[in-house]
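Hi,

Here is the structure I promised to pass on.

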Amino acid sequence: MQTFSNNIPEHVAIIMDGNGRWAKEQGLPRSAGHKKGVETLRQVVTTSGEIGVKYLTLFAFSSENWSRPAEEVGFLMGLLKTFMKRDLGKLRDKNVRVRIIGGRENLQLDILKLLLEAEESTAQNTGLNLVIAFNYGARDEIARATKRIAADVKSGLLDVNDINECCVSSYLDTRSIPDPELIIRSSGEQRLSNFLLWQAAYSEFVFVDELWPDFTKDVYLCAIDKFKSRERRFGGVVPQKVAVTS
Ligand code: IPE
Ligand code: IPE
Ligand code: MG
């Protein structure tokens, strides 16, 4: 049995992948996989709160996912709206703070309003930070940050000599959110797909074979256990135990 009293990652980020393949396996349309995936998402939010994860980032829709058939994109937009309408109250009551990362330009007005409402109405909450990556692409995030840095230098708000790693981080969508210690991807794929490229510099990766709708609590806890057994060095060396001689 797993124990989770210590060494729980403060920030877990998840690439929720495999909804379409799950649906295909069941002989169902891809939309059925996305619907089932929302149930997994709810369970992961609950488990994260239970085990003491402070930040949970979920990759829900990438800036590249717009290239999918219009019908699927429309379904995913509808699913986000339904989730926000149905679950926001519960999340608020559970002291969850919701944040959204990703580009805000060109989003439907009703979606934009729901995202803002989710952030504003939970801004005072102090429990789990649920970060939803929606219309998110890391290269787009870095490009948008660079644009704002350039504008601030031009207007005199920022001195070019003050641009360092810390400064760049503060211009990203994830400002004030610590980097993820653990990134999990479901469905057996082993790539980042433009997720948190800057923030993942020293993340540990756990790839699981289960498709997202089959990502159970046990699979999640097992991924956390794997993280716990990793040795993180950050470019340094592991301190050697000094033998005591008498
Ligand atoms: C993840 O499942 C959900 C989104 C990317 C929105 P996919 O839809 O990518 O499922 P597969 O990878 O095609 O199985
Ligand atoms: C990554 O999954 C995006 C999300 C999980 C939202 P994709 O299914 O879009 O990634 P690729 O296309 O397999 O790289
Ligand atoms: Mg996929």
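First, the ground rules. This is a predicted model, where local features need pLDDT of at least 70 and side-chain atom pairs count only at pLDDT 80 or more, while totals for chains, interfaces and linings use all residues. Residues are numbered from 1 along each chain as its sequence is written, chains are lettered from A and ligands numbered from 1 in the order in which they are written, and side-chain values use heavy atoms, with hydrogens and water left out.

**Pockets**

A pocket here is an open set of points on a 1 Å grid over the protein atoms alone, with protein on both sides within 12 Å along at least five of seven lines; a cavity is a set where a 1.4 Å probe fits but cannot get out, and lining residues have an atom within 4 Å of a point. Points are joined across faces, edges and corners, and a volume is the space filled by probe spheres set on them.

The largest pocket has a volume of about 690 Å³. Its lining takes in 31 residues, with Met-16, Asn-19, Phe-59, Ala-60 and Phe-61 nearest the centre. Two or more lining residues come from each of α1 (19-26), α2 (30-51), β2 (55-62), α3 and β4 (129-136). Helices (H or I, at least four residues) and strands (E, at least two) are DSSP runs numbered from the N terminus. The lining splits into 17 nonpolar, 8 polar and 6 charged residues. Ala, Val, Leu, Ile, Met, Phe, Trp, Tyr, Cys and Pro count as nonpolar, Asp, Glu, Lys and Arg as charged, and the others, Gly among them, as polar.

The second largest pocket holds about 370 Å³. Ile-100, Gly-102, Arg-104, Asp-173 and Arg-175 are the closest to its centre, out of 20 lining residues. That lining has 11 charged, 6 nonpolar and 3 polar residues.

**Cavity**

There is 1 cavity of 30 Å³ or more, and the largest cavity has a volume of about 40 Å³. Residues lining the largest cavity include His-11, Thr-57, Val-131 and Gln-199.

**Helix pair**

How do α3 (residues 70-93) and α4 (residues 109-121) cross? Their axes come within 10 Å and cross at roughly 20 degrees, with axes fitted to C-alpha atoms over the stretch in contact and angles running from 0 to 180 degrees between N-to-C directions. α3 and α4 are therefore roughly parallel to each other (angles under 35 degrees count as such).

Cheers

How values were computed. Parallel < 35°, antiparallel > 145°, perpendicular 65-115°, else oblique.
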